[in-house]
Amino acid sequence: GFVQPAPARVPAVGRTRSRALALAMATRIEVVGDIGDVIAGRVPAVCERQVLMADALRCAFIVGSPKGLDSMGEMLAVNGRAYCCSTEPESGKHSLLVGAGVYTTGACVLPLGARPDGTLERGEDTPPTPWGALCREALEAVDGARAVVLSGFVDFAPLACVQVARSPIHGKSILARRDGDCAVPPRELARARAFVMGAVAPS
């Protein structure tokens, strides 16, 4: 069934606060590749020719590109299209690639037939809730025993943005910032409405 937990009262995580309009929660999750390989910048042989088709899933996220592994950046696939931040040096900062399929070394996928286990909802007049609090609510709604995928529309105020600037295929950690080649400088938007997807797992 669907659940609608009460607003959480916990400290903000980072600087981003949010008002969820309707976040679907699902515990049927599939994984393509390995997030450890993404973070370490490794390319498994099976991923060199594998293409993830956006119309074969409900939504997906982590990293990908419709052009190839050497331009992979943050990826979100929904409604049959994949939206990816390009990491090609000539594309400029925050350049977007859109395609029906993506090359990826790591993706968290909500299957096409997956149904929500519940929702987290907020009205337009609800005070902003820290994003971390929404993640905690999602875990509590499933008794904290399973990983949960959140997807839906969120109003952020403010939204702190960071972007990986180099495709994670060079054997370097994407968390490193050597010579500024691994991360685009952060920026902050006063307000933003966005479709988001993320996975939350019990610690």
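**Figure 1. Contacts of Leu150 in the predicted model.** Leu150 touches Ala24 and Met25, and also Leu120. Further contacts of Leu150 are Cys135 and Ala138. Val196, Met197, Gly198 and Val200 complete the list, which leaves out residues up to four places away in sequence.

**Figure 2. The largest nonpolar core and a second one.** The largest nonpolar core has 17 residues. Leu150 is among those with the most contacts inside it, together with Leu23, Met25, Leu120, Ala138 and Val148. At least two residues of this core come from each of strand S1 (17-26), H2, S11, strand S12 (159-163) and S14. In soluble globular proteins, nonpolar side chains tend to be buried together.

**Figure 3. Aromatic pair Trp131 and Phe156.** The structure holds two aromatic pairs. In this one, the ring centres of Trp131 and Phe156 are 6.0 Å apart. The planes make 50 degrees, and the pair is tilted. Trp131 sits in helix H2 (residues 131-141), Phe156 in strand S11 (residues 148-156). The pair links distant parts of the chain, 25 residues apart. Trp131 is partly exposed, with a relative accessible area of 24%. Phe156 is buried, at 7%.

**Figure 4. Aromatic pair Phe153 and Phe195.** The ring centres of Phe153 and Phe195 are 5.5 Å apart. Their planes stand at 75 degrees, so the pair is edge-to-face. Phe153 belongs to strand S11 and Phe195 to strand S14 (residues 192-200), so parts 42 residues apart in sequence are tied together. Phe153 is partly exposed, at 45% relative accessibility. Phe195 is also partly exposed, at 24%.

**Figure 5. Salt bridge between Arg193 and Asp155.** Four salt bridges are counted in the model. Here the closest N and O atoms, from Arg193 and Asp155, are 2.7 Å apart. Arg193 lies in strand S14 and Asp155 in strand S11, so the bridge ties together parts 38 residues apart in sequence. Arg193 is exposed, at 51% relative accessibility. Asp155 is buried, at 10%.

Figure 6. Lys67 is in the loop between S4 and strand S5 (73-78). Glu88 is in the loop between strand S6 (81-85) and strand S7 (96-99). The two residues are 21 apart in the chain. Lys67 is exposed, at 51% relative accessibility, whereas Glu88 is buried, at 17%. Glu48 is partly exposed, at 43%. Arg49 is exposed, at 67%.

**Figure 7. Surroundings of Thr105.** Thr105 is placed in strand S8 (residues 101-111). Thr105 is buried, with 0% relative accessibility. Its contacts include Val32, Gly33, Asp34 and Val38. Arg42, Val43, Pro44 and Cys47 also touch Thr105. So do Val63, Leu69 and Met72; residues up to four places away in sequence are not counted.

**Figure 8. Asp55 in its loop.** Asp55 is found between strand S3 (51-53) and strand S4 (57-65). Asp55 is exposed, at 53% relative accessibility. Gly80 is 25 residues away in sequence, yet the C-alpha atoms of Asp55 and Gly80 are 4.0 Å apart. Asp55 touches Gly80, Ala100 and Leu112, leaving aside residues up to four places away in sequence.

Definitions and conventions:
Residues numbered from 1 in each chain as written. Predicted model: local features only at pLDDT ≥ 70, side-chain atom pairs only at ≥ 80, totals over all residues. Heavy atoms only, no water. Phe/Tyr/Trp six-rings, centres within 6.5 Å; stacked < 30°, edge-to-face > 60°. Helix = DSSP H or I, 4+ residues; strand = E, 2+ residues; numbered from the N terminus. Buried < 20%, exposed > 50% of the residue type's maximum accessible area, 1.4 Å probe, protein only. Core = buried A, V, L, I, M, F, W, Y, C linked by side-chain atoms within 4.5 Å. Contact = heavy atoms within 4.5 Å. Salt bridge = Lys/Arg side-chain N within 4 Å of Asp/Glu carboxyl O.
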